[in-house]
Amino acid sequence: MPAAKKSTAGTKGLQELFLDGLKDIYYAEKKILKALPKMARGAEAEEVQSAFQKHRDETETQVERLEKVFELLEKPARGKTCPAIDGIVEEGEEILEQYKGAPAVDAGLVAAAQSVEHYEIARYGTLIAWAEQLGKDDVVKLLKETLAEEEKTDKALSQLGERGVNQRAMQEMA
Ligand code: FE
Ligand code: FE
Ligand code: FE
């Protein structure tokens, strides 16, 4: 570990960890906002396209909610590269490249979208616990609104898979 990082590590507490986590999810949400329209365009079934579009709109609100959180904390809204979301989005792009127009494309895209939701659910769950610990009740409320949307989206994606998308992926290509 570089010496410069080591020297400040001793002063870092939950406040710093929380702020770093917010920057991580802020970067992630903005990345997802850009990825969802591409996924919607690549999807075959109208129900999958509209699910992605709907969550794109929710994601826009989630970005604004995070900006409100930064404002409440009197910190500038700044993202910090999240290698995890970069990787998850890259895997989704791979599905698009390799399965575009194929019977399995929607099943692949739904699965890719679900990995995104699971990352977000993990992050928001932790951030809520830390905000509670820090006594930031107004922040907790905002983060919980987003977590509820991510959980609802995750369930909707499962239903898309189970009610037709996975079945259609079984078809052989003509
Ligand atoms: Fe989100
Ligand atoms: Fe991350
Ligand atoms: Fe989401």
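Guide: Let us begin with a term: a salt bridge is a side-chain nitrogen of Lys or Arg within 4 Å of a carboxyl oxygen of Asp or Glu. Please keep in mind that this is a predicted model. One such contact joins the side chains of Arg65 and Glu145, with 3.2 Å from N to O.

Visitor: Where do Arg65 and Glu145 lie along the chain?
Guide: Arg65 belongs to helix H3 and Glu145 to helix H6 (residues 137–168), so this pair ties together parts that are 80 residues apart in sequence. Arg65, Lys141, Glu145 and Glu149 are also joined into one network by salt bridges that share partners.

Visitor: Is Arg65 buried or exposed?
Guide: Arg65 is buried, because its relative accessible area is 9% and buried means under 20%. Glu145, at 33% relative accessibility, counts as partly exposed.

Visitor: How many salt bridges are there in the whole structure?
Guide: The search finds 10 salt bridges. Among them is the one between Arg123 and Asp24, whose closest N and O atoms are 3.6 Å apart. Arg123 lies in helix H5 and Asp24 in helix H2 (residues 14–42), so parts that are 99 residues apart in sequence are tied together. Asp24 is buried at 12% relative accessible area, whereas Arg123 is partly exposed at 34%.
Guide: Another salt bridge is formed by the side chains of Lys38 and Glu93, at 3.9 Å from N to O. Here helix H2, which holds Lys38, is linked to helix H4, which holds Glu93, and the two residues are 55 residues apart.

Visitor: Now the overall picture, please. How many helices and strands does the protein have?
Guide: The protein has 6 helices and 0 strands. Its C-alpha trace spans about 60 × 35 × 20 Å along the principal axes. Of the 174 residues, 41% are buried.

Visitor: Let us change topic to the metals. What coordinates the iron ion (ligand 1)?
Guide: The iron ion (ligand 1) is coordinated by Glu29 through two OE entries, Gln62 (OE1), Glu120 (OE) and Glu150 (OE), at 2.0 to 2.3 Å. Gln62 lies in helix H3 and Glu120 in helix H5, so this pair ties together parts that are 58 residues apart in sequence. Gln62 is buried, at 0% relative accessibility, and Glu120 is buried with a relative accessible area of 0%.

Visitor: How far apart are the iron ion (ligand 3) and the iron ion (ligand 1)?
Guide: The two ions are 3.1 Å apart, and Glu120 coordinates both.

Visitor: One last topic, the surface. Which residues form the negative surface patch?
Guide: The negative patch is formed by Glu90, Glu91, Glu94 and Glu97. Glu91 lies in helix H4 (residues 83–99).

Visitor: Why does Glu91 count as exposed?
Guide: Glu91 has a relative accessible area of 54%, and exposed means over 50%. By contrast, Trp130 in helix H5 is partly exposed, with a relative accessible area of 24%.

Technical notes. Residues are numbered from 1 along each chain as its sequence is written. Chains are lettered from A and ligands numbered from 1 in the order in which they are written. This is a predicted model: local features need pLDDT of at least 70, side-chain atom pairs count only at pLDDT 80 or more; totals for chains, interfaces and linings use all residues. Side-chain values use heavy atoms; hydrogens and water are left out. Patches are made of residues with over 30% relative accessible area and no salt bridge: like charges are joined within 9 Å, nonpolar side chains (Val, Leu, Ile, Met, Phe, Trp, Tyr) within 5 Å. Accessible areas come from the Shrake-Rupley method with a 1.4 Å probe; for residues, only the protein chains shown count as cover. Lys and Arg count as positive and Asp and Glu as negative; His and the chain ends are not counted. The place of a charge is taken as NZ of Lys, CZ of Arg, CG of Asp or CD of Glu. Helices (H or I, at least four residues) and strands (E, at least two) are DSSP runs, numbered from the N terminus. Buried means under 20% relative accessible area, exposed over 50%, partly exposed in between (1.4 Å probe, protein chains only). Donors are N, O and S atoms within 2.8 Å of the metal (3.2 Å for Na, K and Ca); water is not among the atoms, so sites may look incomplete.
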